[in-house]
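Dear colleague,

Here is the structure I promised to pass on. Please have it open while you read the notes below.

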Amino acid sequence: YVRFHLISPLIQQSAENLVLFDTFVNILSHNLGEPAYEADVAQLEYKLVAGEHGLIIRVRGFNHKLPLLFQLIIDYLADFSFTPAVFEMITEQLKKTYFNFLIKPETLAKDMRLLILEHGRWSMTDKYQALMKGISIESLSSFVKAFKSQLFAEGLVQGNFTC
């Protein structure tokens, strides 16, 4: 089991940055779908999570092939690219996801409670409004470049693993 948390102060600076980060993580997951299929068949698992303060990369499976899967994810992160069609598809999916979050009273109440309790938190309403104003391909590209330039990494490795 390997877990890395790539932390960036850039994410929490604005609601737009949070939306750009969600878009980035979803596109990255989409891009990894085909190349990581063979790893899935080989019973290796991976998950990319857009955490509150950064990208969480989790991989687990047989130790002799796990570094190859992790390297694949890092390579796709380092050489991040996307097409306008994928960008449009992911932003439309995010609009639906955010809207579905906002129409559920229990999740909206939890979000509002956390907004009151946590200093510097952006609500889902703020994120939805930022997304509905529109984000551009250029803003995503510049965000990703800035995100990759300001990273702090925390890692955890468990199991039969040698360096």
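**What covers helix H4**

The buried residues of helix H4 are covered by, among others, helix H1 (15-32), helix H5 (105-117), helix H6 (124-133) and helix H7 (137-149). Please keep in mind that this is a predicted model.

Which residues of H4 are buried? They are Val86, Phe87, Ile90, Thr91, Leu94, Tyr98 and Leu102. These residues lie on the same side of H4, because they cover an arc of only 130 degrees around the axis. Ala85 and Lys96 sit on the other side of H4, and both are exposed.

The length of H4 also checks out. The helix runs over residues 84-102, which is 19 residues. At 1.5 Å a residue it should span 27 Å. Its end C-alpha atoms are 27 Å apart, so the two values agree.

**The overall picture**

The protein has seven helices and four strands. Along the sequence they follow the pattern β-α-α-β-β-α-α-α-α-α-β.

The C-alpha trace spans about 45 × 35 × 30 Å along its principal axes. For 163 residues, a compact globule would have a radius of gyration near 15 Å. The protein has 17 Å, which agrees.

Of the 163 residues, 34% count as buried.

What is the order of the four strands in the open sheet? The order is E2-E3-E1-E4, and the pairing is antiparallel. Strand E2 (45-50) and strand E4 (152-157) stand at the edges. Each has a single partner strand, so one side of each is left without a neighbour in the sheet. On average, neighbouring strands of this sheet are turned by 10 degrees against each other, direction ignored.

Next, the pairing of E2 with E3. Strand E3 covers residues 54-60 and runs antiparallel to E2, with six bridges joining the two. A hairpin of three residues links E2 to E3. Lysine 47 stands opposite arginine 58 in E3. Leucine 48 stands opposite isoleucine 57 in E3.

E3 also pairs with E1. That pairing is antiparallel too, over six bridges. Here the bridge partner of phenylalanine 4 is isoleucine 57 in E3.

Which strands does H1 touch? H1 packs on the sheet and touches E2 and E3. The direction of H1 makes about 165 degrees with that of E2. H1 is also among the helices that cover the buried residues of H4.

Helix H3 (residues 66-78) packs on the sheet as well. H3 touches strand E1 (2-7), E2 and E3. Its direction makes about 155 degrees with that of E3.

Best regards

How values were computed. Residues are numbered from 1 along each chain as its sequence is written. This is a predicted model: local features need pLDDT of at least 70, side-chain atom pairs count only at pLDDT 80 or more; totals for chains, interfaces and linings use all residues. Side-chain values use heavy atoms; hydrogens and water are left out. The expected span of a helix is 1.5 Å times one less than its number of residues. Buried means under 20% relative accessible area, exposed over 50%, partly exposed in between (1.4 Å probe, protein chains only). The arc is that of the directions from the helix axis to the C-beta atoms. Contact means heavy atoms within 4.5 Å. Two strands pair if DSSP finds at least two bridges between them. Axes are lines fitted to C-alpha atoms, for helices over the stretch in contact, and angles run from 0 to 180 degrees between N-to-C directions. The radius of gyration is taken over C-alpha atoms; the globule rule is 2.2 Å times the number of residues to the power 0.38.
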